[in-house]
Structure formats: C-alpha cells, structure tokens
Amino acid sequence: MKWHNTKFMLRHMKIIVGLMTILTAVALGFVLHLASGVFIPLVIAWFLLQIFRPVLKLGDQLKLPPFLKIALVFVLLFCMTLIGVRFVASQAVEFGEVYQRFYPDLEPTIEKFTNTLMTLGFLPNSRPSVRSEEQEEEDVPRNTFILTAAASADSAPPALSGGSILMGELTKKLRTDWTSYVRYISEMAITLLSKLVLSLVFLMFMLLEAPYVVDKIDEAFRGPSARTGETVKSILATISSQISSYLGALTLISVATGLCAWVILTSCNVELATGWAVLTILLNFIPTVGSIIATVPPVVMAILQSPTSLTMPLLVLVLLTAVQVSIGNILTPKIMGDRLGLSPVIILLSLLLWGVIWGIPGAILSTPIASILQIICASTHSLKPIAILMGSGENARKARMKSDREAEAARQQRGEKGQGENA
C-alpha cells in the first residue's frame, strides 16, 4: 500500500507542483496588493536608480566621493520635481480660467447629449409624465428637488428636459458636497506625498548600497559557488542594461509624440495645448491603452470650443490618431528595436495584472517588470521554456532559423567528411 501511494504521488507530482505554483502566485499577488504602500515606493526607487545610473557613472569617472554623487542625484531630482510642480500649478490656473469661460456652453452641451442618449434608449426618460393628483401628492418629496433646481436657474418651464435635471443634480451636489471633494483631494495629496518621501528614502539607501553590490556578491559566492555568483551578476547587469535602455528609448518616443501633439493642437487653436502635450508624454509610458487615453481630452476640448460644428474635433481626432499610429508603427520599431523582446500578449496581460494589483503605478511599471521576469527565467535552465513563451514571435523565428542553418551546416560537413573517407 505504501509503495502504491508513493507511485501515485510521483505520477501526479507535476499536477501538484502546478497547482502549488498557481496558489503561490495568487497569494503573492494578494500580498503585493495589500502591501502596495511599501512595495510601490520600493519599486519606484529602484527604477529611479536605473534612471540616474548614468549620473552615477559620470561621478565615478570624475572620481567623486559617494556623498557628492548622492547629493548630485538628489539635486537633479529636486530640480525636476520643482519644475513639475510649477508647471502643474500654472496649468491648474489656466484650466480654471478656461473652465470659467466654457462653463456657460457646457450646460447645453450636456443637456443635448443627455437628451440624445434618452432618445436612443441608453438612459431612462427623466421627463415628467402626466400623473394623477394622488400620484403627484405622493411624489412631492421626490420632485421637490427637481423644482428647486429649476427655480434656481430662474426658469420654470412646464416640462423639464433630462439634461436640465442632470445639471441641476450636479450643481446641487457640487454646492453641498464641495467639502468632501476638498477632503478627498487633500487625502490623495497627502498619500502621494508620503509615497514620494518613502521612495526618496529607499532611493537614498539604494544609492549608498550600489557601489558595494558586486563586492558582496563575490564574497557571498566564493569557491565552488563562484559560477552561481557570476550568473547572479550577469542577471543584474542584463536587467540594469535593458531597463535603462528601455526607459531612455521610451522617454525619447514619448517626447516626440508629445511634441507632435503640441504642434497639432497649437495649429488647431485648442486650449491647454501644452498641458495636453505633457499629458500625452506621461500617458505614453502606459503601454497600449495610454496612447488611446491621451487622445480623448484634447478632442473633448475641441468639442467644447466648437459645439456647433464637428469639423475641428474630427480633424484633431484624425491627426492625433495618425501621430500615435505612425510613431507606434514606424518610429518605435526603429528606436526601440527589440530591446525587451516581449510578446504583445504578455505586455497586455502584464498591464492588466499589475494594473489590478497596484493601479496606475502598476500599469506604468508592468512592461519593465515583465522584462525582468523574462530575464530571470532565461537565466534559469529549468525556466527557459517560460522565457521563450514570454518572448516575441520574431525572436523565436530568428532562433529557429539560426538552429536550422546550424543543423544544415553540420549535415553538409558530415556529408563532405563521409565523401572524403570514401575517396
């Protein structure tokens, strides 16, 4: 019986290991989600270290002491943060001015849009119907708000449209719940500031530790384990090189896309063109969906500027889409090449997974994280099939063609050797 149980366990060991791997991955994702307040600043600090690695190399060439290199990194980071804060403040002021200017046109636009949705059946009809006196008396508390909203607008039409009701509800909610919005924005700002401070603390300790990583690996894997130490150093060097190259190339592509968007929006006289261009640069760091989201706000602004005509919004939409498609299909392959070598399906799945776990920061970091996992799998013999499946199809095709050429050359060599022996 004991031998039979052992044979059964060995026969189903792969299934058990597979199930345990899935459960471990789910548990790890759950832990990463719960501890996102610590892990997100830690990962952001590591990526900042990769971004500022050229500065550290420059400090090594100039033979600067460690504290001067760290000070140089933080000075550059402070200057970049200060420029970003000043830009956001200026854009907020400009946005307030634009909002005050376009608010009178916003209400009829929303009313027209809401009425269209009601006509098409996408929203329930909010127009009051003919009702009996008993029903009207029962519905007085519910309809009092609608009548109050209409009276506040100094108009009392016999039948309110759905758009007017919607705008009345929005106006009252904004007037009564503005303190909750202010409190929400304040809490969000405090949370963002705390994560930024924690990321800077992690970055400082990483900068202090960076010069000694190689020495510690050599010391930890001495003697028979020296080969393992070389493998670990090779993995770290490959990860650092690919991530730094990817971030640099992605930054260049995003800036080029933002400049093209700024030229288009400025030529079309779209308000807040500079802000939309910077938003395009930032959203391009989110793979696949970022470029789609970046197109929406400028088109909405163009609609607000010309509510009576769709010519300008359609022109803006077509031009921005053309820029995104042309840069994505022409410029990106030439600059990026095959730096990460990831499958598009893996990129999309990674985006969805890390977006669920860490939200927007996870979506931005999803592609580099997937690349790191692929590098680790490729450096581990038992996980190489997973690395191949995560890679792009072009890489697999090139590898297969290379192996076919090598096999063909080996067969020809064996054939020539056999002919020589027969002669």
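V289 counts as partly exposed, with a relative accessibility of 33%, in what is a predicted model. V289 sits in helix 13, which covers residues 289-305.

What lies 59 residues along the chain from V289, with a C-alpha separation of 9.2 Å? That residue is L348.

## The W46 and F47 rings

On to the aromatics: the structure has two aromatic pairs. In one of them, the ring centres of W46 and F47 are 5.2 Å apart and the planes meet at 85°, so this pair is edge-to-face.

Are W46 and F47 buried or partly exposed? W46 is partly exposed, at 24% relative accessible area, whereas F47 counts as buried at 6%. The cut-off that matters here is 20%, since buried means under that value.

## The W354 and W358 rings

W354 and W358 make up an aromatic pair too, and this one is tilted: the centres are 5.1 Å apart, with 50° between the planes.

## How helix 10 meets helix 11

Now for a helix pair. In general, two packed helices are described by the angle between their axes and the distance between the axes. For helix 10 (residues 213-220) and helix 11 (residues 226-267), the axes come within 9 Å and cross at roughly 155°. As for handedness, helix 10 passes helix 11 in a right-handed crossing.

Which residues make the contact? Helix 10 brings V213, V214, I217 and D218, while helix 11 supplies G229, V232, K233 and L236. Sorted by class, the contact of helix 10 with helix 11 has five nonpolar residues, one polar residue and two charged residues.

Notes: Residues numbered from 1 in each chain as written. Predicted model: local features only at pLDDT ≥ 70, side-chain atom pairs only at ≥ 80, totals over all residues. Heavy atoms only, no water. Phe/Tyr/Trp six-rings, centres within 6.5 Å; stacked < 30°, edge-to-face > 60°. Buried < 20%, exposed > 50% of the residue type's maximum accessible area, 1.4 Å probe, protein only. Helix = DSSP H or I, 4+ residues; strand = E, 2+ residues; numbered from the N terminus. Axes fitted to C-alpha atoms, helices over the stretch in contact; angles between N-to-C directions. Left-handed = near helix turned anticlockwise from the far one by under 90°. Contact = heavy atoms within 4.5 Å. Nonpolar A, V, L, I, M, F, W, Y, C, P; charged D, E, K, R; others polar.
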